[in-house]
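Subject: Structure handover

Hi,

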Amino acid sequence: MAVIDKVSTELHLAKRMSRLGTETAFEVLVRAKALERQGRDIVHLEIGEPDFDTPSNIVHSAVDALQHGWTHYGPSAGLPDLRETIADYVSTTRRVKAKAEEVVVVPGGKPIIFYTILALCEPGDEVIYPNPGFPIYESMINFVGATPVPVQLREDLDFRLDVNELKSLISNRTKLIILNSPQNPTGGVLGQKDVREIAEVIGDRDIMVLSDEIYSRLLFEGDHHSIMSLPDWKERTILLDGFSKTYAMTGWRMGYGVMRADLAQHISRLMTNSNSCTASFTQVAGIEAIKGDQSSVDTMNKEFMRRRDAFYARINQIKGFSCLKPKGAFYMFPNIQKTGWPSKKLADALLDEAGVAALSGTAFGAFGEGYLRFSIANSMDNINKALDRVDAWVKKNL
Ligand SMILES: Cc1ncc(COP(=O)(O)O)c(C=O)c1O
C-alpha cells in the first residue's frame, strides 16, 4: 500500500499578496474595540465615516425597492437609470457632457481605485500619487507591480500639491497620476489655479489622471474644481465619486467612476469578474440620493464645519500640537513634531493611555511622519471629550 504523505498545512500565498498594503483605520478600530471589550472607554476619531444616519428619503427608497423586487442581479456597469442620473449629475457639477455609457457603478468608491490601477498599470509603469494620502493608492500600485512615485503634500502649501515637484516626478514611464481633492488625510483642497497648473505640467503626454473626488460635496469654502472640467481633459480623467461620504452611506457600498466609454467597458468586465454587479436595491436608492432633497447634505456640512472650527480652536492650544484649518473633508491633521514623539508612538499612547483613537500620519505614507489624523465625523461632545483627554495626557507626559 502506498504511504500517503502528511498533507502540508503551510499556506503558500501568491507573491503578489506580500505587496498588498492595508488601511490602518480598520486595524486601529479593531484594537479600539478590543480595549472597549476590556471595559475601557474609547473616543473613536480613527475612522472616516459620517456619524449621521443615512437620510430617511434614501432609506425609504431602498426599502421600497426591496419590496418591489429589486433583489436580482443587474447589469455589471450599473442600472441604466442610475448611470443616466450620475451622468447628468456629473455633467452639471463638472460642467462636461458625460454620458451614461461612461459611468460604472461599483460597491463603494474604493473599487474604482482597485479596478483603474488593475486595468491600466503594470510592471515598468510609474504612478504618481499624493503622500500623505489614502493608503489604498500605494497599496494597489505595489500590488500590480507598478512603481509608486509619491508626491509630497506640504503643510506650508496648505497641503495642496507642489506643481513644480509634480513636474520633476513625471517621466516617460508615468502612466497614471492620482489626484485627491478635498484630500484625505490633510483636508487640503485644490483650487482652480492648481488644477490648471497640474494640467499644464502634464501637457499632452500620454498620461491618465485618476481624480478621487469622493469628498467633492464636503467643502467648507469656495467651489470644487475638477481636472475633468478643463477643455480636452474629460477623455484623460477617471473621476471617482460616490455616496459614502456625501449621504452618510458608508455601509451601503456604492460609488462610481466616470471615464471614457472604452475604458468603462473594461472596468465593467472587472466588475463582472469580481462582484457581478452592485446591489440592485441600493442603486434604486442611489437615484433618490442624487435626485431627492439635498438639505441633509447641507445640514451635515454645517455640522462638520462647526466641529472643524471647535477642534481647530482647541487643538492649537495644546502644547506641541499645531493644526491648519482644513478646507474640506472631515479630518484634522495636526503637526505634532514639537511633541518630540514619533507619530505612531504618539497615536498608540493616546489610544492606550488616553482612550482616544486617532491615526498616525504614517498610516498615510512616509511623508505623514510628524502628524496625526483625527476624524471629526463624531459628535461635538465626543470631540470635546477627546480633546480634554489629549490635553490632560500632554500635560502629564510632555
Ligand atoms: C480619499 C478616499 N477615496 C476613496 C475612499 C473610499 O470610499 P468608499 O467607502 O466609498 O469605498 C475613501 C474612504 O475613506 C477616501 O478617503
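A salt bridge here is a side-chain nitrogen of Lys or Arg within 4 Å of a carboxyl oxygen of Asp or Glu. Keep in mind that this is a predicted model.

**Salt bridges**

Searching the whole structure turns up 27 salt bridges. One of them pairs K385 with D41. Their closest N and O atoms are 3.0 Å apart.

**Ligand site**

Where is the ligand? The ligand sits in the largest pocket. Around the ligand there are 13 residues. The closest are N184, D212, Y215, S244 and K245. By class, the shell has 4 nonpolar, 5 polar and 4 charged residues.

- D212: a polar side-chain atom is 2.6 Å from a ligand nitrogen atom.
- S244: a polar side-chain atom is 2.6 Å from a ligand oxygen atom.
- G109: the backbone supplies the atom here, an N or O that lies 2.8 Å from an oxygen atom of the ligand.

How much of the ligand's accessible area does the protein cover? On its own, the ligand has 390 Å² of accessible area, and the protein covers 94% of that.

Best regards

How values were computed
Residues are numbered from 1 along each chain as its sequence is written. This is a predicted model: local features need pLDDT of at least 70, side-chain atom pairs count only at pLDDT 80 or more; totals for chains, interfaces and linings use all residues. Side-chain values use heavy atoms; hydrogens and water are left out. A residue is near a molecule or strand if one of its heavy atoms lies within 4 Å of it. A polar contact is a pair of N or O atoms within 3.5 Å; within protein, one must be able to donate a hydrogen and the other to accept it, and residues adjacent in sequence count only if both atoms are side-chain atoms. Accessible areas come from the Shrake-Rupley method with a 1.4 Å probe; for residues, only the protein chains shown count as cover. On a 1 Å grid over the protein atoms alone, a cavity is a set of points where a 1.4 Å probe fits but cannot get out, and a pocket is an open set with protein on both sides within 12 Å along at least five of seven lines; lining residues have an atom within 4 Å of a point. A molecule sits in a cavity or pocket if more than half of its atoms lie within 2 Å of its grid points. Ala, Val, Leu, Ile, Met, Phe, Trp, Tyr, Cys and Pro count as nonpolar, Asp, Glu, Lys and Arg as charged, and the others, Gly among them, as polar.
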